[in-house]
Amino acid sequence: MDLILKYFPDLTESQKEKFAKLGPLYADWNEKINVISRKDMEHFYEKHVLHSLGIAKVIQFEPGTKVLDIGTGGGFPGIPLAIMFPETHFHLVDSIGKKINVVKDIAKQLKLSNVEAQQVRAEDLVRKYDFVLSRAVSRFANILPWVKNKFKKEDFNELQNGLLLLKGGDVDEEMEEREVSYVTYHLDDYFKEEFFETKKVVYVPWEGKR
């Protein structure tokens, strides 16, 4: 928790309480099913919670924003961001039912009324969103067909509607497989821990929605 407060000192008491509960809730679930790799649980707040919150350093979602988190797994980045932005609606989807069961339980335990969790493939969704998030789910070229009809036309956030991808390593080679404009934000500009040296948020404005 100290790590979260170090970078986000202005949290409300409610947010602090929810972030504090995250660790024990995931540790409990991890005893039942392998939501997070065992060795990663030792660095849970750094590698999962703070990493997810890298997106909050790039954009402050406006109230009423609709966000889709594809391949959310155990709820990352969606759950930490839902705590950070209580007035933004997060739709967390994954094709694996047992992971969605974990997300549903954690959202319920934390009383996150702005989280909807669903077992479904992203490409089967018909709703439209302001932003689509993904954390190391697949290569960008694979993600594109899943999200092509998912964006609203109207923008009302500081950034134009689009994709926000948490990536590691050399992203340029991967992104340039498709002709899109993108902006890379280096998380080591925001977080000083060694883990973030190679971590990035890649923002892709959705030009195709015009």
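## Basis of the description

Helices (H or I, at least four residues) and strands (E, at least two) are DSSP runs, numbered from the N terminus. By this assignment, F85 lies in the loop between α5 and β2.

The model is predicted, so local features need pLDDT of at least 70 and side-chain atom pairs count only at pLDDT 80 or more, while totals for chains, interfaces and linings use all residues. Residues are numbered from 1 along each chain as its sequence is written, and side-chain values use heavy atoms, with hydrogens and water left out.

## Parallel strands and their crossover

Strand β2 (residues 89-94) is paired with strand β3 (residues 115-119) in the parallel sense over five bridges; two strands pair if DSSP finds at least two bridges between them. Within this pairing, V115 in β3 is the bridge partner of F90. Helix α6 (residues 97-109) carries the chain from β2 to β3 in a right-handed β-α-β crossover. Right-handed here means that, with the strands pointing away from the viewer, the path from the first strand over the helix to the second runs clockwise.

The loop between α6 and β3 contains K111. This residue has a positive phi of about 55° although it is not a glycine. With a relative accessible area of 68%, K111 is exposed. The accessibility classes are buried under 20% relative accessible area, exposed over 50%, and partly exposed in between (1.4 Å probe, protein chains only).

## Helix α4

Helix α4 (residues 44-58) has 15 residues and reaches 21 Å from its first C-alpha to its last, close to the 21 Å expected at 1.5 Å a residue. The expected span is 1.5 Å times one less than the number of residues.

Of the 15 residues of α4, 13 are buried, so the helix is largely enclosed by the rest of the structure.

## Aromatic contacts

The whole structure holds 12 aromatic pairs. Rings of Phe, Tyr and Trp (its six-membered ring) pair if their centres lie within 6.5 Å; planes under 30 degrees apart count as stacked, over 60 as edge-to-face and the rest as tilted. F44 and F76 make an edge-to-face pair, at 6.0 Å centre to centre with 75° between the planes. This pair links distant parts of the chain, 32 residues apart: F44 belongs to helix α4, and F76 to the loop between β1 (66-70) and α5 (78-84). F44 is buried at a relative accessible area of 3%, and F76 is buried at 5%. The rings of F61 and F85 have centres 5.2 Å apart and planes at 75°, so this pair is edge-to-face. Because F61 lies in the loop between α4 and β1 and F85 in the loop between α5 and β2, the pair ties together parts that are 24 residues apart in sequence. F61 and F85 are both buried, and F85 has a relative accessibility of 6%.

An aromatic cluster is formed by Y7, F8, F191, F195 and F196. The charged end of K57 sits over the ring of F8, 4.5 Å from its centre, and K199 lies over the face of F195 at 4.4 Å from the ring centre. A charge sits over a ring if NZ of Lys or CZ of Arg is within 6 Å of the ring centre and within 35 degrees of the ring normal.

## A cis peptide bond

The peptide bond from F76 to P77 is cis, with omega near 5°. P77 is located in the loop between β1 and α5.

## Antiparallel strands around β7

Strand β7 (residues 199-205) pairs with β5 in the antiparallel sense over seven bridges. It also pairs with strand β6 (residues 183-186), again in the antiparallel sense, over four bridges. Y185 stands opposite V201 in β7. L164, in strand β5 (residues 162-168), has Y203 of β7 as its bridge partner. L164 and Y203 are 39 residues apart in sequence and 4.7 Å apart in space, C-alpha to C-alpha.

Seven of the seven residues of β7 are buried. On one side these are K199, V201, Y203 and P205, and on the other K200, V202 and V204, which leaves both faces covered. L164 is likewise buried, with a relative accessible area of 0%.
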